[in-house]
Amino acid sequence: MSTNSELATWTSARSSLSILAVSIALSLFTTAYENSIIPLFASIPTLKYLGHIVHTSTAFAVITPNLSSSKILLILGCLLLLAPHTSYWISVHAARFKDPIYSPLVTHVTVLAPIVYFSVSLAMSVDPTLALIVLAANALQLRPLLMLVFSAISLEASNNIVFTALGCVCLAVYGGIKVYVGRQSAHPNAFNTQSTVALSVIPLVFVALLSLSPALRSPTLVDSIITPYNSPTYPLRILNSTQSKTGVVVVGEILPPVDRSSIPLHSIRYLRVSHSLLGGVWIGDEVASLDSSPPLTDQDGTPLGDSIYSAFVLQEAVRLVNSTPQGRKGEYNHALIIGLGTGISANAFARHGIATTIVEIDPAVYDAARQYFGLSDPGNNNVFLQDARGWVRSRRAMVEAEDPSSIKYDVVVHDCFSGGGVPEHLFSIEFWNDLKTIMSPEGVIAVNFAGKIASNSSQAILATLLQAFGKCRAFHDHVEPIAQEQLQSHFINIVFFCSPSSTPLTFRPAIEEDYLYSYLRRHILSSLVKREINLTQIGDSSIWSATTEEKFILTDAHNTLNTWQEREALDHWKLMREMIPDVVWETY
């Protein structure tokens, strides 16, 4: 009697542990899958319907008849071993339709849904009465926790390792079950046992052959990090590809075509994080400077030209503010950069003799700026590779404690746009108040935001900045003149200049020394007055009404910026796909 009770207890515990293992493995796979397709779709398009697909597939598995455990394990093992290829190639072809909604949805349905379905079916085959555990595990949302683990580990090809490891486990368990059942049968057959083991090994051999085939391997460049990778189908070269805290960080070059054929964009070196360009510079024959001055070079001595984005140069107009005592004297001693990108503004401040502090969340971005984009050494204790929120808070504490090593910054550049949006915790009124504390009383900040000027997100950012600083002006970065209709409807970069100073902001005319021998700087800074955006185009005259303040002032407790940015992030994805050839996004 005791033996039967112990056996029942062991069986129940084994079933519960098996289902728990399936649940954890499913969350692990979903996390790796999400990481693997974000470089092709960006985070917001990827996540928009991912949860719906997971829950729908789970529900479908609960209500449909199930196969035997061994058959499910065999199917799952094969699907998981193929996932490095299917997740990449299906995403590639789906993304070429340039639809930020349906393109990732196609990949979810064809790659993610079958694995979720068979994983839940496996749990159901173990013990249908415990199926709710699987549903509860999905509801626990383990993915965010696992995303933090993936980010902290930053293993190269960690996604493919997860896919392959889970697939091998499934096939190993399948083989073990078959061998055990064969040995327990009344007429054990050695040939059947051997064939069962062979059947579980065949998928491994097949996937190994797929991985060795140049035509089928995905160019995700894990094996090409040490030496540059040259695309066989396009004048594209990848200089570095690193899995880091914020995603895959890529330095690449679109080269001039050898046969002089027409391609839309070439002779640029770019810095990419997942599906977002953080910046880039012209290279090769496109490098030019005023008065034939020697150009900036990278660490290997390669000449580098102007920025491909004019927004970074527009941010430097923070030095042209002359409505403050410091500005009138041109005495800017300390600059703070929040969000480095390729380091265009940081380099410019350093060349103007301003001691510059850099706060950048991703070490790989900083390394890329130093090695490939000519960022000069900021000096000891001037680089902080961490999230800006905690750094600013700690600096505020130092200022309030009257720490002699604390610094008050005269100019600040805040540029955290990536992947179609900005991090909402770096745009709340609490953050701006912390930042204002470590700025000089007459300091000036330049805040970059990309979107549509009449959107809720633009209005919220302006309203919150005005609440925090009191004085703001806004400018766009279009190189060519832009009509008012386009200004309202197009996705554009807006740079807000704000100051706690009681004096309205004014800018002096740019002079030759401001250009740093750059054609782009001369064009952008000398035409500053033509770039101004009337603040009423962003927020109407009722911007300080109680209703508007309740809706648009961003606080830590009430911050809907991410929700408002969702539509703009989808537009940004389409814009990037239209501007940059598909092969650039597909090669990382």
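This is a predicted model: local features need pLDDT of at least 70, side-chain atom pairs count only at pLDDT 80 or more; totals for chains, interfaces and linings use all residues.

Reader: Let us start with sheets. How do strands of a sheet pair?

Author: They pair through backbone hydrogen bonds, either parallel or antiparallel. Now the case here. An open sheet of eight strands runs in the order β10-β9-β8-β11-β12-β14-β13-β15, and its pairing is mixed. β10 (383-384) and β15 (532-533) stand at the edges with a single partner strand each, so one side of each has no neighbour in the sheet.

Reader: Which sense do β11 and β12 pair in, parallel or antiparallel?

Author: Parallel. Strand β11 (residues 409-414) meets strand β12 (residues 439-451) over five bridges.

Reader: How many residues of β8 are buried?

Author: Four of the five residues in strand β8 (residues 334-338) are buried, so β8 is largely enclosed by the rest of the structure.

Reader: Now the faces of a strand. Where do side chains point in a regular strand?

Author: They alternate between the two faces of the sheet. One side carries Ile 268, Tyr 270 and Arg 272. The other carries Arg 269, Leu 271 and Val 273. Both faces are covered.

Reader: Which strands pair with β4?

Author: Strand β3 (residues 247-254) pairs with β4 over six bridges, antiparallel. Strand β5 (residues 276-282) is joined to β4 by six bridges, again antiparallel. Val 249 is bridged to Val 273 in β4, and Arg 269 to Val 281 in β5. β4 and β5 form a hairpin with two residues between them. In the turn, Ser 274 has a positive phi of about 50 degrees.

Reader: Next, charges. What does Arg 269 form a salt bridge with?

Author: With Glu 253; the closest N and O atoms are 2.6 Å apart. Arg 269 lies in β4 and Glu 253 in β3, so the pair ties together parts 16 residues apart in sequence. Arg 269 is buried at a relative accessible area of 3%. Glu 253 is buried too, with a relative accessible area of 3%.

Reader: How many salt bridges does the structure hold?

Author: It holds 16. One of them joins Arg 96 to Glu 586, with the closest N and O atoms 2.9 Å apart. Arg 96 sits in the loop between α4 (69-95) and α5 (102-126) and Glu 586 in helix α22 (residues 582-586), so the pair ties together parts 490 residues apart in sequence. Arg 96 is partly exposed at 37%, whereas Glu 586 is buried at 6%.

Reader: Last, the surface. Which residues make the nonpolar patch?

Author: Val 169, Val 173, Ile 177, Tyr 180 and Val 181 make a nonpolar surface patch of about 440 Å². Val 181 belongs to helix α8 (residues 158-184). Val 181 is partly exposed, with a relative accessible area of 49%.

Technical notes
Residues are numbered from 1 along each chain as its sequence is written. Side-chain values use heavy atoms; hydrogens and water are left out. Patches are made of residues with over 30% relative accessible area and no salt bridge: like charges are joined within 9 Å, nonpolar side chains (Val, Leu, Ile, Met, Phe, Trp, Tyr) within 5 Å. Accessible areas come from the Shrake-Rupley method with a 1.4 Å probe; for residues, only the protein chains shown count as cover. A salt bridge is a side-chain nitrogen of Lys or Arg within 4 Å of a carboxyl oxygen of Asp or Glu. Buried means under 20% relative accessible area, exposed over 50%, partly exposed in between (1.4 Å probe, protein chains only). Two strands pair if DSSP finds at least two bridges between them.
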